[in-house]
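Try each task before reading its solution.

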Amino acid sequence: MNILLLGSGGRESALAWKMRQSPLLDKLFIAPGNGGTGAYGTNVASLSPLDFEAIDRFVADNDIDMIVVGNEDPLVAGIRDNFAKCRPDLLIVGPCQTGAMLEGSKDFAKQFMMRHGIPTAAYRSFTADTLDEGLEFLASLKAPYVLKADGLAAGKGVLIIDNLEEARQALREMLGGMFGKSSATVVIEEFLSGIECSVFVLTDGHGGYRVLPVAKDYKRIGEGDTGLNTGGMGAISPVPFADDTFMEKVTKRIILPTVQGLIADGIDYRGFIFLGLINVGGEPMVIEYNVRMGDPETEAVMLRVDADLVDLMKAAAQGDLADKELRHNPQTAATVMMVSGGYPGDYKKGLPISGTENVTESTLFHAGTKLDAEGQLVTSGGRVIAVSSLADDIASAVAKSFASVEKISFPEAYYRRDIGRDLMK
């Protein structure tokens with residue numbers, strides 16, 4: 001098969017790495033790709049994942065059999081629907097535009113969960129016209145207060161605020177355009193206290209599904225989960241508390257109602273479903289849906305997928321996943337993200353990276369990297385390289401990743417030194 005993978009981050013690096021191992025894969029193109037994805041296929045730096053006309057020409061010129069959509073933007077923009085009309089034989093790994101609304105609109109996702117009896121936090125949605133009702137609703141809740149921009153906001157649209165008056169002011173500002181059109185509607189939720197994990201499901205639109213290894217990511221920039229939220233500073237898989245008992249509840253109460261609910265609602269969903277869950281006293285509840293794999297969780301999860309990923313994704317896209325097997329490597333994977341100094345705020349780009357060739361005990365998934373005009377590997381983003389390792393337990397896996405991190409150098413590099421520590425208690 002000739003496959004086009006859309007995206008440029010660490011998630012796409014991990015997917016490309018795993019796809020490259022498949023005997024079904026002939027040519028792999030990554031658009032736009034990054035400084036490391038060229039090791040697994042051909043980067044197409046000029047091709048935007050949102051330029052459907054250019055993608056259509058590329059598909060025709062390169063005999064592409066399947067498109068794997070890495071991030072949510074093309075899905076929310078309707079890439080599957082677009083090619084279903086003009087190229088019905090082209091396989092797409094990703095849901096239709098309506099299915100993508102599970103991530104594209106938090107209000108849509110909440111209504112879906114309520115309609116299908118999927119456990120989640122109580123909520124109400126508000127617009128500028130119902131601002132006063134929103135202010136009253138906040139007063140009826142206990143702190144902390146959770147406010148979410150309804151639309152995509154590059155991972156920055158969720159505010160958790162301890163003070164009522166600050167929450168009220170934040171609601172005014174969000175509805176006033178803090179996140180542009182994304183916060184024209186704001187979802188206010190009750191706060192759930194517990195520990196989070198990420199569950200990934202691949203589904204074929206006909207009731208067939210497979211569950212990938214569970215992971216936990218670390219969002220805050222500072223150790224001890226302090227400071228600003230980021231795109232993710234690391235991940236661990238498996239998650240000790242997500243044992244057979246917990247996952248049985250997840251399957252019965254969340255995965256099956258989600259898969260069956262999509263079918264009942266007439267939504268053609270063939271691709272990955274990311275379940276952002278929280279363990280509340282042993283009971284799983286949904287915080288959010290994403291309609292693609294997570295980042296940096298993918299960089300840990302792919303190390304533990306003991307199956308042909310291309311074969312699985314092809315079956316999902318064809319609507320025939322029921323007979324496919326997906327085994328999990330029993331070892332532990334630990335991902336440590338190296339980031340640019342100043343991230344998630346302002347940071348420098350174009351800084352030279354050295355030492356990657358010295359890493360032998362870990363797998364490097366490039367994220368914010370590129371090759372400059374002289375072929376030198378340099379930084380090009382906030383999250384630079386995900387260092388991932390396999391071992392028999394969390395302590396050994398993170399120790400491997402930390403040792404590998406020390407071999408890589410770029411100016412002002414930063415990483416969290418406590419990834420996985422909370423799970424070792």
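**Exercise 1.** Sort the residues that line the largest cavity into nonpolar, polar and charged.

*Solution.* Step 1: list the lining, meaning residues with an atom within 4 Å of a cavity point, where a cavity is a set of points on a 1 Å grid over the protein atoms alone where a 1.4 Å probe fits but cannot get out. The lining is Thr-203, Gly-205, His-206, Gly-207, Val-259, Leu-262, Ile-263, Ile-267 and Tyr-269.

Step 1: apply the classes: Ala, Val, Leu, Ile, Met, Phe, Trp, Tyr, Cys and Pro are nonpolar, Asp, Glu, Lys and Arg charged, and the others, Gly among them, polar.

Step 2: look for the main contributor. Helix H9 (residues 244-264; helices are DSSP runs of H or I, at least four residues) gives the most to this lining, with 3 residues.

This is a predicted model, in which local features need pLDDT of at least 70, side-chain atom pairs count only at pLDDT 80 or more, and totals for chains, interfaces and linings use all residues. Numbering starts from 1 along each chain as its sequence is written, and side-chain values use heavy atoms, without hydrogens and water.

**Exercise 2.** Work out how helices H7 and H8 run relative to each other.

*Solution.* Step 1: the axes (lines fitted to C-alpha atoms over the stretch in contact, with angles from 0 to 180 degrees between N-to-C directions) of H7 (residues 131-140) and H8 (residues 164-178) come within 10 Å and cross at roughly 155 degrees.

Step 1: angles over 145 degrees count as roughly antiparallel, so H7 and H8 are roughly antiparallel to each other.

Step 2: the residues of their contact (heavy atoms within 4.5 Å) divide into 8 nonpolar, 1 polar and 2 charged.

How values were computed:
On a 1 Å grid over the protein atoms alone, a cavity is a set of points where a 1.4 Å probe fits but cannot get out, and a pocket is an open set with protein on both sides within 12 Å along at least five of seven lines; lining residues have an atom within 4 Å of a point. Helices (H or I, at least four residues) and strands (E, at least two) are DSSP runs, numbered from the N terminus. Angles under 35 degrees count as roughly parallel, over 145 as roughly antiparallel, 65 to 115 as roughly perpendicular and the rest as oblique.
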